[in-house]
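Dear colleague,

Below is the structure I promised to hand over, and after it comes an account of what I found. Please read the two side by side.

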Amino acid sequence: MEKGLIHIYHGNGKGKTTTAVGLAVRAAGAGMRVAFIQLMKDGTSAELGVLKKIDRIEVYVIQNPYGFTWNMTDDDRIKLRMKNDKAIKSMINAVKEELYQMLVIDELMSAYQGEFVDKAAVLELMHLCKGTTELVLTGRNPAKELLSRADYITEMKNERHPYEKGIHARAGIEL
């Protein structure tokens, strides 16, 4: 089996994180050790509680307590960048030590595009994973340099969403 392939799930449609969660569960079910890292979110997504109960999955939530990026102060941006950089560096070390067979980094694209993470460190992580560790990345608007390194690229396209009718995020579905 080829191992250490890179997946990117992106787009404006629903399902990027859900797909990554499904892959993490499948990998754990097959006996793989998985690290599931969530960036840029507040840590309240319902799937996190379930993932934490699965023996072969370790969950790392790099909480964003500062709210939407466009409302952040410069100090908020610096603090969040430092937290995200620490997580990426930790995963670089984990790959070198072969601690996991799969890494999932949820919302990496927004962290990368918004300069909330060291881009060189992300590219180093992608290079280290190639051939050794399955790497799953999610988010909107992936940079070309990330796409060019991916083996799987899946775009989630929004054709219709209840939000357009005024229906907000619902627990268990979007939250």
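Met-40 sits in the loop between β2 (34-39) and α2, where helices (H or I, at least four residues) and strands (E, at least two) are DSSP runs numbered from the N terminus. The phi angle of Met-40 is near 70 degrees, a positive value in a residue other than glycine. Met-40 is also buried, at a relative accessible area of 13%; here buried means under 20% relative accessible area, exposed over 50%, and partly exposed in between, with a 1.4 Å probe and protein chains only.

Please bear in mind that this is a predicted model, in which local features need pLDDT of at least 70 and side-chain atom pairs count only at pLDDT 80 or more, while totals for chains, interfaces and linings use all residues. Residues are numbered from 1 along each chain as its sequence is written, and side-chain values use heavy atoms, with hydrogens and water left out.

Glu-115, which is in the loop between α4 and α5, has a positive phi as well, near 65 degrees, and is likewise a residue other than glycine. Glu-115 is partly exposed, with a relative accessible area of 47%, whereas Met-40 is buried.

In general, an α-helix has 3.6 residues a turn, so residues three or four places apart point the same way.

Leaving aside neighbours within four places in sequence, Val-95 is in contact with Leu-103, Leu-125, Leu-128, Cys-129, Thr-132 and Thr-133. Val-95 and Cys-129 are 34 residues apart in sequence, and their C-alpha atoms are 6.8 Å apart in space.

In helix α2 (residues 47-52) lies Glu-47, which touches Thr-17, Val-21 and Gln-38 when residues up to four places away in sequence are not counted. Between Glu-47 and Ala-28, 19 residues apart in sequence, the C-alpha to C-alpha distance is 15 Å.

As for the chain as a whole, six helices and six strands make up its secondary structure, and along the sequence they follow the pattern β-α-β-α-β-α-β-α-α-β-α-β. The radius of gyration is 16 Å, close to the 16 Å that the globule rule gives for 175 residues, so the chain is as compact as a globular protein of that length; the radius is taken over C-alpha atoms, and the rule is 2.2 Å times the number of residues to the power 0.38. Of the 175 residues, 43% count as buried, and among contacts between residues at least 6 apart in sequence, 72% join residues at least 24 apart.

Note on methods:
Contact = heavy atoms within 4.5 Å.
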